[in-house]
Amino acid sequence: MANIVADTQVSEYTLKGFHSWSRGQKVKQLALIALLFASCPSLLAQSTKAKELFAQSIKLFGERKAREAIPFMEQAIKQDPDFTDAYIKLGQLYEFTRQYEPALSAYRNAVKLQPDSPASGAAYQSLSNTLLRLGRYSEALPFLEKYQTLFAPQSAQGKRIAHQLETARFGLEAMQHPQAVDPKPLSSVLQTTPSQYFPVLTADEQTIVFTALKPEGDEDLMTATFNGETWSPPVSLAASINTPENEGTASLSADGRTLVFTACQGRKGFGSCDLYVSRKTGNDWSSPDNLGPAINTRYYESQPALSADGRQLYFVSDRPGGKGRRDIWRSALGTDGNWTEPVNLGEPVNTSGNEASPFLHANGQSLFFASEGHIGLGGYDLFVADNGPAGWSTPANLGYPINTSEDQASLFVTANGTRAYYSFEEQKDGISQKSRLYTFDLPESLRERVRPVSFLKGTVADAKTKKPLAATVELIDLKTNQIVSQVKADAQTGQYTAVLPSGGEYALYVSVPGYLFKSLSFDFTQKTKGEGLTLSVPLEPVTTSASANETLNNLFFESGRYDLAEKSRTELDRLSVFMQSNPTVSVEISGHTDDKGDAAANLALSQKRAQAVVTYLTKAGIQPSRIKAVGYGKTRPLVPNTTDENRRLNRRIDWRVL
């Protein structure tokens, strides 16, 4: 993968490359400048002519004439071939002007002059840094090993060199065992600006939002749609979101209707960079709201990552209380609509170095992020960690060539865990030219780590009038009776998207006040692949639904028995809440069987199963006079009893308003 896209601004608050990268590149340049202007203790030993040429070169560099300074430094070396500091400064001048091979040659010459002297430390440091940056790990190793002998192991410099040695060895091993990755660019239709980066998509992969760099240096959020074959030309996400200032590093909920993004200037906020939220109704995005003082502080907040249902937020901040300078933090959306006090993820995710660009997969467990603190191939690498009962797993490096010696930006992985999207930075002569959107199939080694999820999408509408409804769609784990996901259907269109995790049994409820709720059941205990499902949901109004039956799809009985299984509690509690919320409503609970077995026995079984539901409801406080149990046996099949699947559908408990 690519280095982070090049700087377009000098501003402290540049949004380019999720902020930290652009400043990181600037820091590297400033470090080179500091080295070039650093004092040279051995200068007194050189000839007068060599010292004059050396001084003239440094003076030209101070006047921002780096290329003009190079010939003078070269002449100083010709005057005095043993001029160690001149070799080091020449290498730094070449490096500053991105001429890496001449730079390496100059550093090697400096090391040869005094291979065992601490005075060559700067040459060893620059030489090893450059080789690591270029991914030439095998060449860097002997110089790092020699460099390490010049310092005590527990000294700050000794520890830094040890870290570089780990990087070189890890990088060498990773390149010898590359991941099976074949990145391909997305459509050229999306390339309407000099650069595009930081793509995020909806769960169905039909909508993409990305940051675009315009010729004038402004960054905006753009969006495009996919029709199954081609991408539409990108357009500005919304006039209410994009301004003449910079907007970027967005995160989308799975349904594409909640957006959190970063803005560092142009809006009234709490600190240097703040996070803002906008919500989509129909085709319109709301005016962005600052996420408030719990999330945003006087410190730096950026690079948001929303969970699929928009109820969890991960982001990067340098606020106090972290493990390193910039850490990943997490907050949850409370029932009152406010974000809770953020919690630092701590170890093993965060390090004493910087972490960046978190992305929470739709499964809610796999966290992809960038880090310069964990051992990788150099700079920032991409990692994945999983959140389980015991906490976060040790982050795993995504390997080469997803990671390279260059800094890596964010990664978006699809809900089904098969594809990834990112920005690839095209370079020429070591200089970034433009950043383009790319995709690749996730290699098997990573697919095994990412638990895939399916998604269900469709529309919710009044069964009688066909009017779209702003329904609440909840997914509940039947084993724990806990809400896994909760989303709202669009108030104007009724459209919804809900994520369905693998590896469990789930109840899905679609509800609107004044309507009968819809119950759906998903047994994904054996599911290993994610898929997209489409389901339109008509809801019956309570007042006009006397003839309408709804099936309670999450009631479970053993074959031939009427004892309710423990996992039926979720459904029964949902029906109880409905009855309590509609105190004037009375309902009939009806039991049904398939056509197998004795008809009289089936009739009795259906009656007992219906009565078991009524008994539960009365114990929950519902008046017995409001609930009627009826058994119909095999007399009212939904579908012909011609297949095992049809018979399963006919074995059911229905309910209707009396």
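A residue is termed buried when its relative accessible area is under 20%, exposed when this is over 50% and partly exposed in between (1.4 Å probe, protein chains only). The model is predicted, with local features requiring a pLDDT of at least 70 and side-chain atom pairs counted only at pLDDT 80 or more, while totals for chains, interfaces and linings use all residues. Residues are numbered from 1 along each chain as its sequence is written, and side-chain values use heavy atoms, with hydrogens and water left out.

Secondary structure follows DSSP runs numbered from the N terminus, with helices (H or I) of at least four residues and strands (E) of at least two. Helix H4, covering residues 84–96, has 13 residues and reaches 19 Å from its first C-alpha to its last, close to the 18 Å expected at 1.5 Å a residue, where the expected span is 1.5 Å times one less than the number of residues. Because 12 of its 13 residues are buried, H4 is largely enclosed by the rest of the structure; among the buried residues are Asp85, Lys89 and Glu95, together with Tyr87 and Tyr94. Just after H4, arginine 98 takes a positive phi of about 60°.

Aspartate 274 belongs to strand E8, which runs over residues 274–281. This aspartate is buried yet has no salt bridge, the nearest side chain of opposite charge being that of arginine 319, 8.2 Å away; a salt bridge is taken as a side-chain nitrogen of Lys or Arg within 4 Å of a carboxyl oxygen of Asp or Glu, with Lys and Arg counted as positive, Asp and Glu as negative, and His and the chain ends not counted. The side chain of aspartate 274 does reach the backbone nitrogen of glycine 271, at 3.3 Å. Leaving aside neighbours within four places in sequence, aspartate 274 is in contact (heavy atoms within 4.5 Å) with residues including Phe261, Asn290 and Glu301.

The structure holds 19 aromatic pairs, defined for rings of Phe, Tyr and Trp (its six-membered ring) with centres within 6.5 Å, and classed as stacked for planes under 30 degrees apart, edge-to-face over 60 and tilted for the rest. The rings of phenylalanine 359 and phenylalanine 368 have centres 6.1 Å apart and planes at 35°, so this pair is tilted. Phenylalanine 359 is buried, with a relative accessible area of 12%, as is phenylalanine 368, at 3%. Tyrosine 422 and phenylalanine 440 form an edge-to-face pair, at 5.5 Å centre to centre and 70° between the planes. This pair links distant parts of the chain, with tyrosine 422 in strand E21 and phenylalanine 440 in strand E22, 18 residues apart.

Key
Polar contact = N/O pair within 3.5 Å; in protein donor to acceptor, adjacent residues only side chain to side chain.
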